[in-house]
Amino acid sequence: MMVRLLYASRATAVSPETIDAILAQSRTRNPTQGITGILCHGGDVFMQVLEGGRDAVNRLYGSIVRDSRHHDVTLLHFEEIAERRFSGWTMGVVNLTRVNPSIVLKYSARPVLDPFTVPGRASMAMLEELIATASIVGRAGS
């Protein structure tokens with residue numbers, strides 16, 4: 001049984017080193033767990049989608065909730081899936097400060113990432129558009 005989980009959180013401290021550390025850890029551990037996904041960040045807000053087996057995704061989400069690099073961890077969307085949508089990324093990344101603000105504005109009241117104030121489905125739709133516009137970097141194995 002595969003699932004897709006989308007959550008948002010606020011970073012305790014945002015720096016390029018913090019983001020690099022999260023990505024390196026994800027890209028090392030996720031392949032052995034069968035987990036794929038993407039991480040979006042803008043300002044101090046993170047939004048991440050995880051796909052994989054139900055047990056593996058739930059274990060990873062539990063460790064994220066306990067991770068001191070995050071607070072206000074909020075589950076936005078969870079569903080059983082027949083196929084992955086983010087299978088090309090062990091952990092892709094989108095820096096929303098480098099994305100056309102109109103993409104974010106299309107799914108939000110303001111052109112800044114604030115997944116805490118929009119429906120989870122709107123956040124998923126934005127991620128789908130980021131795939132379509134090739135805004136995600138870091139393919140599988142990278």
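Tutor: Happy to! One definition before we begin: helices and strands here are DSSP runs, a helix having at least four residues and a strand at least two, and they are numbered from the N terminus. Keep in mind that this is a predicted model.

Student: What is Asn 30 in contact with, leaving aside its neighbours within four places in sequence?

Tutor: With those neighbours set aside, Asn 30 has contacts with Ile 35, Leu 60, Thr 90 and Met 91.

Student: Let me zoom out. How many helices and strands does the chain have?

Tutor: There are four helices and five strands. Starting at the N terminus, their order is β-α-β-β-α-β-β-α-α.

Student: What does the UniProt annotation say?

Tutor: An unreviewed UniProt entry annotates residues 2-92 as "domain: BLUF". That span is 34% helix and 43% strand, and its end C-alpha atoms are 19 Å apart.

Student: New topic: why would the radius of gyration agree with a compact globule?

Tutor: For 142 residues, a compact globule would have a radius of gyration near 14 Å, and this chain has 14 Å, so the two agree. The C-alpha trace spans about 35 × 35 × 25 Å along its principal axes.

Student: How much of the chain counts as buried?

Tutor: Of the 142 residues, 47% count as buried. The accessible surface comes to about 7000 Å², and 53% of that belongs to carbon and sulfur atoms.

Student: What about contacts between residues 24 or more positions apart?

Tutor: Among contacts with a separation of 6 or more, residues 24 or more positions apart account for 80%.

Student: And how many positive and negative side chains are there?

Tutor: The chain has 15 positive and 13 negative side chains, with the centres of the two sets 2 Å apart.

Student: How far are the C-alpha atoms of Val 99 and Ser 9 separated?

Tutor: By 20 Å, and the two residues are 90 residues apart along the chain.

Technical notes: Residues numbered from 1 in each chain as written. Predicted model: local features only at pLDDT ≥ 70, side-chain atom pairs only at ≥ 80, totals over all residues. Heavy atoms only, no water. UniProt positions renumbered as here; feature names shortened; annotations may be inferred. Rg over C-alpha atoms; globule rule 2.2 N^0.38 Å. Buried < 20%, exposed > 50% of the residue type's maximum accessible area, 1.4 Å probe, protein only. Contact = heavy atoms within 4.5 Å. Areas by Shrake-Rupley, 256 points an atom, 1.4 Å probe, with all protein chains shown as cover. Lys, Arg positive; Asp, Glu negative; His and termini not counted. Charge placed at Lys NZ, Arg CZ, Asp CG, Glu CD.
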